Amino acid sequence: MLTNITGLSENQIAPYLSKVYKEGQALVITTNMRRAQKIATDLAFFCDAKVFVLPDFDIADFKYEAKSRNDLEEYLNAYSALLSGEKCIVVTPVLSALKKLQPKKVFVKNTFSINLNSKIE
């Protein structure tokens, strides 16, 4: 189901979304990263679902810049939750939502999990 909600003040967004959101997965698109982080923090208080923030960056930047890997970790955690069908809410700035992503098949094919008991050869 696609729902477009506009006109809410910043303090009304999380309580409203927590009442509308029941189960499954939801995507919240905001104007900028600061607002996305604020909404995600508020949603985590009001909802029992996991809340992820898709960072506004290009993965290619990590090859050349000395940045924190926290954004990349958040990005991968969000996509893993979305692909697994886990109950979650993803909040992202509009610039991040407009970026073209690799197809699901390619992402899944190139993904693997490592656990504490895993043996890597």
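Five helices and three strands are present in the protein, where helices (H or I, at least four residues) and strands (E, at least two) are DSSP runs numbered from the N terminus. Along the sequence these elements follow the pattern α-β-α-β-α-β-α-α. The model is a predicted one, in which local features need pLDDT of at least 70 and side-chain atom pairs count only at pLDDT 80 or more, whereas totals for chains, interfaces and linings use all residues. Residues are numbered from 1 along each chain as its sequence is written, and side-chain values use heavy atoms, with hydrogens and water left out.

Of the 121 residues in the protein, 27% are buried; buried denotes a relative accessible area under 20%, exposed over 50%, and partly exposed in between (1.4 Å probe, protein chains only). The protein exposes about 9100 Å², and 54% of this area is supplied by carbon and sulfur atoms, as computed by the Shrake-Rupley method with a 1.4 Å probe. Among contacts (heavy atoms within 4.5 Å) with a separation of 6 or more, 70% are accounted for by residues 24 or more positions apart.

Two packed helices are described by the angle between their axes and the distance between the axes. Helix H1 (residues 13–20) packs against helix H2 (residues 33–46) at an angle of about 50°, and their axes are 9 Å apart. The axes are lines fitted to C-alpha atoms, for helices over the stretch in contact, and angles run from 0 to 180 degrees between N-to-C directions. H1 and H2 are therefore oblique to each other, since angles under 35 degrees count as roughly parallel, over 145 as roughly antiparallel, 65 to 115 as roughly perpendicular and the rest as oblique. On the H1 side, Ile13, Ala14, Pro15, Leu17 and Ser18 meet Arg35, Ile39, Asp42, Leu43 and Phe46 of H2. The residues of this contact comprise seven nonpolar, one polar and two charged; Ala, Val, Leu, Ile, Met, Phe, Trp, Tyr, Cys and Pro count as nonpolar, Asp, Glu, Lys and Arg as charged, and the others, Gly among them, as polar.

Thr30 belongs to strand S1 (residues 25–30) and is buried, at 7% relative accessibility. When neighbours within four places in sequence are left aside, Thr30 is in contact with Arg35, Ala36, Ile39, Val91, Thr92, Pro93 and Val94.

Leu95, by contrast, is exposed, with a relative accessible area of 53%. Leu95 is located in helix H4 (residues 94–98). The C-alpha atoms of Leu95 and Asn32 are 7.8 Å apart in space, while the two residues are 63 residues apart in sequence.
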